[in-house]
Amino acid sequence: MPPGDFSSRIPLAIRRVGLVAALVLSGLAVSCRPAESDGRIQLSYWEKWTGAEAAAMQATVDAFNASQDRIRVNLVTTSQVDRKLLVATAGGDPPDVAGLWLASVASFADRGALLPLDDFMRADGVEPYVWLERYTPVYATMGQHGGRTFGLPTTGTAVALHWNKALFREVGLDPERPPRTLAELEEFSRRLTKRDPATGAITQMGFLPQEPPWFLWAQPLWFGGHYFDESGEIAIASDPQSVAGYEWLREQSREYGLADVQRFMSGFGPFASSQSPFFSGKVAMVFQGVWLNNFARQYAPALEYGVAPWPTVTGDPFALTEADMVVIPRGTKHPEASWEFVQYLASNNPLARTRAELQGIEIVCYLQEKTSPLRDWSPFFTEHHPHPLIAFFRELESSPGAVHAPASGVWQEYSRELATASERIRLLEATPERALGQVQARMTTAWSLHRTSLERQRRAADAENSSNEPTIQP
Amino acid sequence: MKSAARRRVLAGLGFTSPWIIGLATFTLYPVLASLYFSFCDYSILQQPVWIGLENYQRLAGDEVFWIALRNTAVYAALAVPLGVIASLGLALLLNCNVRGLPIFRTLFYLPSIVPVVASSMLWLWIFNGEYGLLNASLAPLFALWGGAPPAWLGDPAWAKPALVLMSLWGVGNSMVIYLAGLQDVPRELYESAELDGVGVWRRFWHVTLPMISPVVYFNFIMGFIGAMQIFTQAFILSAAANNGDGTLGSPARSTLFYTIHLYSTAFQDLRMGYASAMAWVFFLIIAGLTWAANAVAERRVHYSS
Amino acid sequence: MPKANPAARFAVYALLVGLGGLFGVPLLWLLVTSLKPVEQTMSNPPTWLPYAHYSEIGGKRVDVVLDARVTEPSVLVEDVATGRRDLRPVGSVAADNPTLRVVGMAEPGWWLVTERNPAAVGSRPIREVLPPEAIESRVQFRWQNYPEALAAMRGSPPDVPGVPPRKPNPEQDAGFPQFFLNTVIVCVLGVIGAVLSNALVAYGFARLRWPGRDVFFAITLATMMVPFPVLMVPLYGVFKNLGWIGTLLPLWAPAWFGGAFNIFLMRQFFRTIPEELSEAARIDGASEWRIFWTVILPLSKPVLAVVALFHFLFAWNDFLGPLLFLTRRQTYTLALALQQYQSQQGGVQWHYLMAASAVVILPVIVLFFLAQKTFVQGIATTGSKG
């Protein structure tokens, strides 16, 4: 019986009850999957983006399908891909390839939901560390966990400060001079914040840490702190920089008045719309990725903005990087074909001089207007990138300040705990000490349990079949 | 005779055979398996490993488990009594021999059959702090003493009341049950009460309420079981409130209800063993409280025949 | 109720009308929002009617969006390099500014307007300042929100002009028609199964006497106490082993094996049918199956209708089941599709979300008006028999 089969450890008596019924029912089971046959291996690829970004990936998939005649990849946009992917893999019906969030990769790997890619690399005669040298260093380590590779970046971005030049001009700030330090960010933010003289309601803000709310987990990194200590234990409450990062969050809420901010925020439209706060001029400075330009063109063509590194807190440069990760779920029926598609997404045509000559990763990165995680960019991609400031982002990603979220089997949970904690802190529901203390306590337990569980599973797998490849990463 | 008895058993089993299979496959087996899993470290992708009572011991010390339990208790404590009062109140109004009864009944009843997913979308919009209909209506009221209405789903203190408000919109179903109960109360009882010169309030307290107490009890229990298992509304509203960063129960865990926490533990973290232990604790809590309600009802509820 | 005095009657009606309004307004608001242009959904204070604004600009009639009301004497300036137009207070732009060109003047009370749908794709929309009298406003319901919202539920990006359409990809191409069909399949197959199986089982409990029956029935009632969350995890394993994950089967097939509450409901009803009818048929040599089929079922139409109706509602509204068991886009039901649409990356706009929600609600409302009596009687039965 394959590992993970749910009934294998259930006492026989219980199993019998189920088995009789199951036999009767399985007669009824019919697959409603349509038969698509053009003689090729059909791969299902789950994509988390929608709209123009999904169209960009679709174009890449089309190019792959056209580049060979044995494999056809079918792209499916899937919202909440992390939840769906785990449930589908557990149900024995995963897609063959999936685009996943960086934060999920290590957690999924530890749950045994992903295939390690190292064996494929070795089968191609390349040692993984050599294989990964094609990526800019910060991207090469993103899919690494426990000494193995579980995912590869398909599009890259550094997160940068974006500021609205028109709003700067309006309040007499130099529109070409972004804040460079935390103190400047605070000062600019004060000057850019406006209230309705009659009601006192906020009508515009300079900077709002929770807009967008995607990077609040990075508060410790920004302030020079750590999530784990040297011995690999959870360290957040005891880390002064991390605490300072969240203290700052609380100060922001206090300074502008929590109730006023809450009311102001509820008027924000969705990110991909003209009503989103940065596009509608409600918030003057935001931390956003390289993708913003693509959305700005669509939803705020009149917007005039600049990009700069995050204002420094520690005096050292800081560049948060993110990537979309491609993974192969365990349970795919076509691992080899899936790997071939993944390889396509990890390559480019280094000599491309026209749009039509772009290949692989550069198609999606070009169309999504992001940076390519590869070290080497083709001439066309470098010179004709639709983002006018792409060179700035490329430089930021290669800078010594470039960092990314830690790869840990509990990171998904850890970042969720941090998201909840930062919410409680900014809502003044709890002091940073208390909220982070609770994160610390919960995550210490979760982390030790996670390791115990991995150990248990490893022993169970060993006992089951010692010749089997262990399914879990220690 | 013997063969006749056997035939009767065969016929009985024959007619109930779908249910025998269904009960075994979709209820009994899962209940037993769930009990077994609750003593295991189990992730569905990997094999269950027996760990004894560890899951239950951990539950006792799990802060979020207690938060979820408290959230659920607070929600049920607000939603169930208010639901009973609201639906009984509406039924009493409709029972006043009013003209146009079908129109009003339809108006009150319709919201209760609106698919929860769709009504969640609607209330998401109504609760919007800035452009929502609710705050637009409340703003002048709050402005009287210089305040502003709450941000509802964005405010940990108001997110649960918001869900209660939404649940009150759906009381139409129990209202119809009350109405049927009220119409079954014999007219003579009212008439004799009126002859005795009993006032409206006392009539309600001494005639109506005892007569419909079984219906109140039924609605109370159904409302309680439903409120304890609140899922869809809270799932959708909290997922929408946080831009989809995967954190359920926002803001600040204020809408992290038991079933949401259970779902997230089982299907987001794949801790199926731990989730099964949570499920069993939940089962025991609901069964215990229902039993207690039953014990109270034995003494208080008036069954006419 | 005894006759009350006129004041009390007036109070009752006032309360009913007031509360009726409270109950009705949310659905009305949903409808109104679904028919607005996007910028009018987010207005403060909210408006109840959708408006369209037209103006004569450059000799042609243009559908415009009112961006902002001019509050102080202003000039409309154009960025020479980009063609971007914006309002600036009078005197804030130097006459010899090399990058900005003044193209218009505005008095307080005028409007800054933008063309809604530029004629050519990618062309910059017309932006002007206009006095209020140059703008013609009228109520106009945007019915096109509905097809647009439903089209947006489809996963595939729109075809790019000039690029040959790609091979069909059923999982990705699945859109509203597929979701609707799935929901109908789940509802119809579920309803048929629920009616047949529950009637059959209830007959066994209500009209047949056999040893073990009452114990079995007691167990049946007891299972009503089991909350779904207890079953959730192992059920997932059951469906996985049956190979049902990723198909619609977990949503309708279990209905074919009965459900405790419906068995109970039908049993109560069957017991009210006089035993003599069955006896007479037995004397005529009819089998139990024949009695069930030709005697009992025809007399039980009301309860069959109630079970059918409630199962339909349950299946149409079910969210947790699809959330847990459906993994493939082409199997989504409307409830799940609506939530996935709402939670997609980048968000969704209110007018579309309300339009999509209205479409999900509509069939239920139609059903209610078609089967109003069954609804009311059915609910009353479930209550009083409980």
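How many residues does the contact take from chain C and from chain B? In this predicted model, in which local features need pLDDT of at least 70, side-chain atom pairs count only at pLDDT 80 or more, and totals for chains, interfaces and linings use all residues, the contact takes 78 residues from chain C and 76 residues from chain B. Residues are numbered from 1 along each chain as its sequence is written, while chains are lettered from A and ligands numbered from 1 in the order in which they are written. Two residues are in contact if their C-beta atoms, placed from the backbone, lie within 7 Å. On the side of chain C that touches chain B, the largest share, 12 residues, comes from α1(C). By class, this side of chain C has 57 nonpolar, 18 polar and three charged residues; Ala, Val, Leu, Ile, Met, Phe, Trp, Tyr, Cys and Pro count as nonpolar, Asp, Glu, Lys and Arg as charged, and the others, Gly among them, as polar.

Chain C contains 16 helices and eight strands, where helices (H or I, at least four residues) and strands (E, at least two) are DSSP runs numbered from the N terminus. The C-alpha atoms of chain C fill a box of roughly 110 × 70 × 35 Å along the principal axes. Its radius of gyration, taken over C-alpha atoms, is 31 Å, whereas a compact globule of 386 residues would have a value near 21 Å, by the rule of 2.2 Å times the number of residues to the power 0.38. Of the 386 residues of chain C, 43% count as buried. A residue is buried if 20 or more other C-beta atoms lie within 10 Å of its own, exposed if 12 or fewer, and partly exposed in between. Among the contacts in chain C with a separation of 6 or more, 70% join residues 24 or more positions apart.

Helix α3 of chain C (residues 145–152) has the buried residues C:N145, C:A149 and C:A152. These residues lie on the same side of α3(C), because they cover an arc of only 65° around the axis, the arc being that of the directions from the helix axis to the C-beta atoms. An α-helix has 3.6 residues a turn, so residues three or four places apart point the same way. The buried residues of α3(C) pack against α1 (6–34) and α15 (350–370) of chain C, and the face turned away from the buried side carries the exposed residues C:P147 and C:A151.

A nonpolar core is a set of buried Ala, Val, Leu, Ile, Met, Phe, Trp, Tyr and Cys residues joined through C-beta atoms within 7 Å. The largest such core has 313 residues, and A:F341 and C:L338 have the most contacts inside it. Helix α5 of chain C (residues 176–206) gives the largest share of this core, 14 residues. A second, separate core of 12 residues includes C:L76, C:V77, C:A106 and C:L130. Not counting residues up to four places away in sequence, A:F341 touches A:L43, A:F64, A:I71, A:V73 and A:V97.

In chain A, A:L249 belongs to helix α11 (residues 240–256). A:L249 is buried, with 20 other C-beta atoms within 10 Å. Beyond residues up to four places away in sequence, A:L249 touches A:P209, A:Q219, A:S422, A:I425 and A:R426.

Chain A has a mean pLDDT of 87, and 90% of its residues reach 70 or more; pLDDT is the predictor's confidence in each residue, from 0 to 100.
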